[in-house]
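Please look over the sequence and the model below before reading the notes that follow them.

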Amino acid sequence: MTVSYLACRSEATFNHAEALRRSADRKAMSELVAQVILNGDCIWLRAGTPLQIAGDAENPLYVKVAPLNETVTFVTYRRFMQK
């Protein structure tokens, strides 16, 4: 990862988080992020986290990734992957 960013198990959850981020409703965004991280639906990937690409997401802007040595995949922005 080139920047620290959210990654979610489902594309729908990631889409929802992104929609709230774009809406500039900081309170709703903070509440959602706290809830999905506590539920294990999403994780915060820090810049420099080594990841393997696990496949394409439905949205061409997204990619499915897995932390190294993990089998669980998450969806995040493709542009944040190191090349």
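This is a predicted model: local features need pLDDT of at least 70, side-chain atom pairs count only at pLDDT 80 or more; totals for chains, interfaces and linings use all residues.

Residues are numbered from 1 along each chain as its sequence is written, and side-chain values use heavy atoms, with hydrogens and water left out. Helices (H or I, at least four residues) and strands (E, at least two) are DSSP runs, numbered from the N terminus. The structure holds 3 salt bridges, a salt bridge being a side-chain nitrogen of Lys or Arg within 4 Å of a carboxyl oxygen of Asp or Glu.

**Helix α1**

- Helix α1 covers residues 11-23, and its 13 residues should span 18 Å at 1.5 Å a residue, which agrees with the 18 Å between its end C-alpha atoms; the expected span is 1.5 Å times one less than the number of residues.
- E11, F14, A17, E18 and L20 are the buried residues of α1, where buried means under 20% relative accessible area, exposed means over 50% and partly exposed lies in between (1.4 Å probe, protein chains only).
- These buried residues pack against β1 (5-8), α2 (26-39), β4 (62-67) and β5 (74-77), with contact taken as heavy atoms within 4.5 Å.
- After α1 comes A24, which has a positive phi, near 70°.

**Salt bridges**

- Within α1, the side chains of R21 and E18 meet in a salt bridge at 2.8 Å, N to O; the two residues are 3 apart in the helix and are therefore separated by about one helical turn.
- E31 counts as partly exposed at 46% relative accessibility, and K27 is exposed, with a relative accessible area of 60%.
- D56 forms a salt bridge with R78, with the closest N and O atoms 3.0 Å apart, and this pair links distant parts of the chain, since D56 lies in strand β3 (residues 51-56) and R78 in the segment after β5, 22 residues apart.
- D56 is exposed, with a relative accessible area of 56%, while R78 is partly exposed at 32%.

**Aromatic rings**

- The count comes to 8 aromatic pairs, by a rule under which rings of Phe, Tyr and Trp (its six-membered ring) pair if their centres lie within 6.5 Å, with planes under 30 degrees apart counted as stacked, over 60 as edge-to-face and the rest as tilted.
- One of these pairs is Y5 with F14, an edge-to-face arrangement with 6.4 Å from centre to centre and 65° between the planes; Y5 is buried at a relative accessible area of 13%, and F14 is buried at 0%.
- The rings of Y5 and F80 have centres 4.8 Å apart and planes at 50°, so this pair is tilted, and the pair links distant parts of the chain, with Y5 in strand β1 and F80 in the segment after β5, 75 residues apart.
- F80 counts as buried, at 10% relative accessibility.
- Ring pairs join Y5, F14, W44, Y62, Y77 and F80 into a cluster.
- The charged end of R79 sits over the ring of Y77, 4.4 Å from the ring centre, where a charge sits over a ring if NZ of Lys or CZ of Arg is within 6 Å of the ring centre and within 35 degrees of the ring normal.

**Surroundings of E18**

- E18 lies in helix α1, and its side chain is joined to that of Y5 by a polar contact of 2.6 Å, a polar contact being a pair of N or O atoms within 3.5 Å; within protein, one must be able to donate a hydrogen and the other to accept it, and residues adjacent in sequence count only if both atoms are side-chain atoms.
- The side chain of E18 also makes a polar contact of 2.8 Å with the side chain of R21.
- Leaving aside residues up to four places away in sequence, E18 touches Y5, Y62 and Y77.
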